[in-house]
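Please open the model in a viewer and keep the selection tool at hand.

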Amino acid sequence: MSELLIFLGPPGAGKGTQAIKIASKFGFAHISTGDMLREHISNETSLGKVAKSVMDKGNLVSDELVIEMLVERLRNDDCKNGVILDGFPRTLPQAESLENIKNEFPVSKVFVFEVDEDELVQRILLRGQTSGRTDDTEGSIKVRFEIYMQDTEPLINFYHRQEKVTKINAVGDVDEIYQNIAEDLNKYL
Ligand code: AMP
C-alpha cells in the first residue's frame, strides 16, 4: 500500500516547485501529469499528438487518457514509499478513479494551494518567459483558470467531506511555504 498526497490548486500556484522539494525530502515519487504529457509531446507519441493541441489551448486532456497514463505510472517501483500527485485529479471522474484503487493507493492528504488570481497571472506570464511552455500565454491562462474553477475547484469539497484537506497559503517565500507543508506532514506521518 502506498499513500497518495495530492497537491491541488490553480495553475501557477507553485504546486510543482513544492512537490519537487517535498518529494525529495520525504522520499516520495513526484508525479506531474502535465510533465508526463509534455514528455509524450516531445517524444511525439500518439498520446502526445492528441494532447498537444488540447494543452496549447489550455483545455484538459480526456479523463480516460490521463487516468490510464496515471494508473500505469503508479505501478512503477518508485511509488512504493508514497506519491505526490501534482496536477491530478483535475475532475470528478479523475478523483473517482482514485477511489477505485484506494486499497492499494489511499489518498492520505490533500494540500490546497491558495493564491489570488492577479498574482497567479503575473507568475505564469513570468514563468512563460523562461519555461518555453507553449501554454503559458494570456489566452490559454484564461481558459485554464476557467477550467480550474469549473472542474477542479469542486474537488476541494469532495475531499473536505473526507476530512483530508489542508489549506496552504501559497503566497510568499518559497522556503516558508515549504516549511509549512513539511511541518504538517511531519505531524501526520
Ligand atoms: P500542468 O503542467 O499541470 O499545468 O498541466 C498542463 C496541461 O496538461 C493542462 O493545462 C492540461 O491540458 C494537461 N493536463 C495535465 N494534467 C491533467 C489532468 N489531470 N487532466 C487533464 N489534463 C491534464
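Select Asp136 in this predicted model and display its surroundings: leaving aside residues up to four places away in sequence, Asp136 touches Ile124, Leu125, Arg127, Gly128, Ser131, Ile141 and Arg144. Asp136 sits in the loop that runs between helix H6 (117-131) and helix H7 (138-152). Is Asp136 buried or exposed? With a relative accessible area of 7%, Asp136 is buried, because the cut-off for that term is under 20%. Its side chain makes polar contacts with the side chain of Ser131, at 3.3 Å, and with the side chain of Arg144, at 3.4 Å.

Next, select Leu74, Leu85, Leu98 and Tyr159, which touch the most other members of the largest nonpolar core, a set of 32 residues. Helix H4 (residues 63-74) supplies the largest share of this core, 5 residues. Another core, of 23 residues, lies apart from it; Phe7, Ile124, Phe145 and Leu185 are among its members.

Return to Tyr159 and show its contacts, including Ile6, Pro89, Leu98 and Val165. Pro89 belongs to the loop between strand E3 (83-86) and helix H5 (92-100).

Finally, select two glutamates. Most residues other than glycine have a negative phi. Glu44, in the loop between helix H2 (33-42) and helix H3 (46-57), has a positive phi near 55 degrees and is exposed, at 60% relative accessible area. Glu163, in the loop between helix H8 (154-160) and strand E5 (165-169), also has a positive phi near 55 degrees and counts as exposed at 75% relative accessibility.

Notes:
Residues are numbered from 1 along each chain as its sequence is written. This is a predicted model: local features need pLDDT of at least 70, side-chain atom pairs count only at pLDDT 80 or more; totals for chains, interfaces and linings use all residues. Side-chain values use heavy atoms; hydrogens and water are left out. A nonpolar core is a set of buried Ala, Val, Leu, Ile, Met, Phe, Trp, Tyr and Cys residues joined through side-chain atoms within 4.5 Å. Buried means under 20% relative accessible area, exposed over 50%, partly exposed in between (1.4 Å probe, protein chains only). Helices (H or I, at least four residues) and strands (E, at least two) are DSSP runs, numbered from the N terminus. Contact means heavy atoms within 4.5 Å. A polar contact is a pair of N or O atoms within 3.5 Å; within protein, one must be able to donate a hydrogen and the other to accept it, and residues adjacent in sequence count only if both atoms are side-chain atoms.
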